[in-house]
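User: I am new to this structure and would like to learn how to read its features one at a time. Could you take me through them, giving the general idea before each case?

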Amino acid sequence: MNTYTQLSTQEKQAITTLGALKANGYTSKSVKDELRDNLILKLKNKENPFPEIWGYEDTVIPELERAVLSKHNINLLGLRGQAKTRIARLMVHLLDDVIPVIEGSELNDDPFQPLSYSGKKILEEKGDDTPISWWKREDRYSEKLATPDVTVADLIGDIDPIKAATDKLSYSDERVIHYGLVPRSHRGLFVINELPDLQPRIQVALFNILQEGDIQIRGFQIRLPLDIQFVFTANPEDYTNRGSIVTPLKDRIESQIITHYPKELEIGKKITKQEAKVQEAQLNQVSINDLSRSLIEQIAFEARESEFVDEKSGVSARLTISAMENLYSSAERRMLINGENNTYVRVSDMIGTIPAITGKIELVYEGEQEGAGEVAQSLLSKAIRKQFLENYPSPEKVRKSEDNPYQYVINWFGDANKVDLLNDTSYEEYKSKLDNVPTLRATVENAHKGLSEEEIYYQMEFVLHGLAEFSQLSKHALASKTTFSDLLSGMMDFSSSHFDEEDDE
């Protein structure tokens with residue numbers, strides 16, 4: 001006869017009574033023991049217990065595994081957009097596939113150790129014939145977003161006067177209790193997001209659950225040794241802005257794990273590509289190169305170091321995710337306007353990422369004075385400048401060199417020539433404008449071999465943007481187009497237009 005641990009999920013679910021469960025050798029196991037045992041198995045089998053989490057392999061994940069092995073409740077502390085909730089949700093995969101519960105019991109009772117009145121009553125009446133149902137791992141996950149209006153009744157429970165009146169029960173009877181979210185998560189995983197947002201008096205209600213494992217409801221002399229794995233998430237900004245985790249509660253959470261943003265550009269690109277919800281039609285019709293992905297990720301890196309952006313608030317990974325989705329949509333819109341069947345991304349399409357940037361950054365006072373749009377444009381400019389140095393020689397270093405690869409391009413603009421690139425221009429017009437600049441294509445081909453035709457034109461435009469960021473050319477970005485011209489003449493044009501406006505006034 002097979003022991004319980006050797007049974008498949010289907011064979012377990014075929015067991016319908018307590019007697020059959022006993023006959024198959026089932027023994028009770030706490031949820032923290034489940035997590036620990038299954039993690040040990042995954043580590044021995046060289047399996048990744050937290051797939052799709054990038055950049056934490058040497059920092060957060062080892063700390064998380066140590067906490068699970070220690071059977072600790074966990075607080076994930078970090079700025080917004082650092083995958084705290086994603087990690088908490090992935091922990092459910094360390095639970096057993098299914099566990100037995102007393103069918104009809106109020107708190108998903110263990111057949112061998114029932115807690116609720118209903119579970120004890122069923123077991124007392126039916127003995128080995130007690131009906132058994134099976135609780136899937138996915139259903140054992142509960143999550144609550146902490147908000148100031150959360151009450152003790154929501155989390156722990158309260159007396160239900162309607163139940164008392166309907167069943168003619170005394171208020172001292174255990175059966176009049178309506179259990180909250182925490183007791184109903186017995187034998188499962190319970191997550192409270194943004195813990196500091198809970199009012200201090202509500203946080204106090206969690207003391208007993210974390211330390212003694214029981215609950216108290218309106219003075220009831222009732223002990224419920226709940227079996228729950230708690231995971232909390234918190235933003236360090238919240239400790240000063242909206243609230244704080246009360247000290248005794250912090251003391252009862254055994255492991256606090258600090259999360260962080262990607263430390264490498266490639267990790268950020270991998271996260272953005274995985275999380276961005278790009279439409280299938282866009283994937284089929286819009287081609288995006290690696291440099292565009294690097295530019296988007298670089299924007300987030302620049303924002304996290306910007307003097308105009310509040311570093312305490314952080315720059316969420318959602319910025320790059322939304323920016324990537326907008327970049328696809330920007331190219332798709334241009335394609336539809338021009339009646340084309342497919343298109344290749346352009347540097348000018350990055351203008352479509354500005355709304356994603358302005359909505360995801362919190363500005364300090366100086367940033368507010370500049371304006372969100374100006375700060376976003378500045379971040380994009382810095383990203384172009386940084387990535388230009390990754391792909392081409394520094395214009396500042398080769399400026400006085402005899403073999404300056406940009407000299408002919410700069411000289412051409414110096415002869416009063418300029419390039420107007422409309423944001424929504426057709427592909428043929430786009431190529432024609434760039435082809436007018438002599439040696440621009442050769443500059444790209446000398447720096448990068450084996451590029452496709454579309455990539456060459458993308459890089460040609462990128463070189464113009466790069467030279468402008470290093471003050472070798474003038475760039476005027478308007479709502480519908482970008483104009484490149486000689487640096488001096490561009491300054492003169494700007495000055496004259498400025499004076500004209502003053503004369504009109």
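**Reading charges, burial and backbone**

Analyst: Let us start with a pair of charged side chains: Lys-22 forms a salt bridge with Asp-128, and their closest N and O atoms are 2.9 Å apart. Please keep in mind throughout that this is a predicted model.

User: What is the general idea behind such a pair, and which parts of the chain does the pair of Lys-22 and Asp-128 tie together?

Analyst: In general, side chains of opposite charge can pair when their charged atoms come close. Here Lys-22 belongs to helix H2 (residues 18–23), while Asp-128 sits in the loop between helix H6 (117–126) and strand E3 (132–136), so the bridge ties together parts that are 106 residues apart in sequence. Lys-22 is partly exposed, with a relative accessible area of 44%, and Asp-128 is likewise partly exposed, at 41%.

User: How many salt bridges does a search of the whole structure find?

Analyst: The search finds 20 salt bridges. Another one of them joins the side chains of Glu-52 and Arg-86, at 3.6 Å from N to O. Glu-52 lies in the loop between helix H3 (31–44) and helix H4 (60–69), and Arg-86 lies in helix H5 (residues 84–90), so this pair ties together parts that are 34 residues apart in sequence. Arg-86 is partly exposed, with a relative accessible area of 28%.

User: Where do Lys-269 and Glu-266 lie, and how many residues apart are they?

Analyst: Both lie in helix H14 (residues 265–275), 3 residues apart, which is about one turn of the helix. Lys-269 counts as buried, because its relative accessibility is 7% and buried means under 20%. Salt bridges can also share partners, and in this way Glu-52, Arg-86 and Glu-275 are joined into one network.

User: What should I look for in the backbone angle phi, and what is the phi of Glu-52?

Analyst: Glu-52, however, has a positive value near 70 degrees without being a glycine. Glu-52 is placed in the loop between H3 and H4, and at 45% relative accessibility this residue counts as partly exposed. Ala-416 also has a positive phi, of about 70 degrees, although it is not a glycine. Ala-416 is found in the loop between helix H22 (407–414) and strand E12 (419–422), and at 69% relative accessibility Ala-416 counts as exposed.

User: Let us turn to Asn-289: is this residue buried or exposed, and which side chain does its own side chain contact?

Analyst: Asn-289 is buried, with a relative accessible area of 6%. Its side chain is joined to that of Glu-455 by a polar contact of 2.7 Å. As for its place in the chain, Asn-289 lies in the loop between strand E10 (286–287) and helix H16 (290–305).

User: Finally, which residues form the negative surface patch?

Analyst: When reading such a patch, remember that its members have over 30% relative accessible area and no salt bridge, and that like charges are joined within 9 Å. In this model the negative patch is formed by Glu-307, Glu-366, Glu-370 and Glu-374. One of these residues, Glu-374, is located in helix H20 (residues 372–391).

Note on methods: Residues are numbered from 1 along each chain as its sequence is written. This is a predicted model: local features need pLDDT of at least 70, side-chain atom pairs count only at pLDDT 80 or more; totals for chains, interfaces and linings use all residues. Side-chain values use heavy atoms; hydrogens and water are left out. Patches are made of residues with over 30% relative accessible area and no salt bridge: like charges are joined within 9 Å, nonpolar side chains (Val, Leu, Ile, Met, Phe, Trp, Tyr) within 5 Å. Accessible areas come from the Shrake-Rupley method with a 1.4 Å probe; for residues, only the protein chains shown count as cover. A salt bridge is a side-chain nitrogen of Lys or Arg within 4 Å of a carboxyl oxygen of Asp or Glu. Lys and Arg count as positive and Asp and Glu as negative; His and the chain ends are not counted. The place of a charge is taken as NZ of Lys, CZ of Arg, CG of Asp or CD of Glu. Helices (H or I, at least four residues) and strands (E, at least two) are DSSP runs, numbered from the N terminus. Buried means under 20% relative accessible area, exposed over 50%, partly exposed in between (1.4 Å probe, protein chains only). A polar contact is a pair of N or O atoms within 3.5 Å; within protein, one must be able to donate a hydrogen and the other to accept it, and residues adjacent in sequence count only if both atoms are side-chain atoms.
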